[in-house]
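Thanks for passing this one along. Here are my notes, to be read with the model open beside you.

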Amino acid sequence: MHSTADHVCVFVTAPSVTVARKVAMNVLTDRLAACANLVPKIESHYWWQEKLESSTEVLIIFKTAKSRLAELEKCVVRNHPYDTPEIIVFNLNEGSEKYLNWISSSVQPRE
């Protein structure tokens with residue numbers, strides 16, 4: 001395993017697979033993440049506008065470099081229907097060196 005301070009996972013929820021695919025494809029097309037995993041049919045319970053709500057959502061897990069976070073957030077907000085989309089970042093402490101290098105090379109802006 002290889003230590004890292006430069007890589008993160010970003011969790012974003014979406015109201016449907018269609019929306020999740022759209023958000024993921026826009027992020028990937030802009031090379032803001034190396035990978036997007038879509039986990040359908042999660043059950044979410046939360047407070048929204050002073051009411052307890054629940055819904056079925058899709059979780060998107062992005063793997064990216066910290067250097068791309070600000071742009072990734074803007075892309076998600078631009079392509080997401082929620083007023084306040086969930087965008088939560090988890091630092092990665094370690095990972096396969098080859099995989100981490102792949103993330104880094106995949107998110108490099110292309111000329």
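1. Ground rules. This is a predicted model, where local features need pLDDT of at least 70, side-chain atom pairs count only at pLDDT 80 or more, and totals for chains, interfaces and linings use all residues. Residues are numbered from 1 along each chain as its sequence is written, and side-chain values use heavy atoms, with hydrogens and water left out.

2. Length of α1. Helices (H or I, at least four residues) and strands (E, at least two) are DSSP runs, numbered from the N terminus. Helix α1 covers residues 17-29, 13 residues in total.

3. Which residues of α1 are buried? They are V19, A20, V23, A24 and V27, where buried means under 20% relative accessible area, exposed over 50% and partly exposed in between (1.4 Å probe, protein chains only). Looking down the axis of α1, the buried residues fall within an arc of 130°, so they line one face of the helix; the arc is that of the directions from the helix axis to the C-beta atoms. T18, R21, M25 and T29 are exposed on the other side of α1.

4. What sits over that face. The cover on the buried residues of α1 includes strands β2 (7-14), β3 (35-48) and β4 (51-65), along with helix α2 (69-79). Contact here means heavy atoms within 4.5 Å. Have a look at R31 too: just after α1, R31 takes a positive phi of about 60°.

5. The rule asks for a side-chain nitrogen of Lys or Arg within 4 Å of a carboxyl oxygen of Asp or Glu, and the count comes to three. One of them joins R78 to D30 at 3.9 Å, N to O. That pair links distant parts of the chain, 48 residues apart, with R78 in helix α2 and D30 in the loop between α1 and β3. R78 counts as exposed because its relative accessibility is 56%, while D30, at 38%, is partly exposed.

6. The other pairs. E53 and K51 meet in a salt bridge at 3.8 Å, N to O, and E53 is partly exposed at 27% relative accessibility. R68 pairs with E71, the closest N and O atoms being 3.0 Å apart. Is R68 buried or exposed? At 8% relative accessibility, R68 counts as buried, whereas E71 is partly exposed at 39%.

How values were computed
Expected span 1.5 Å × (residues − 1).
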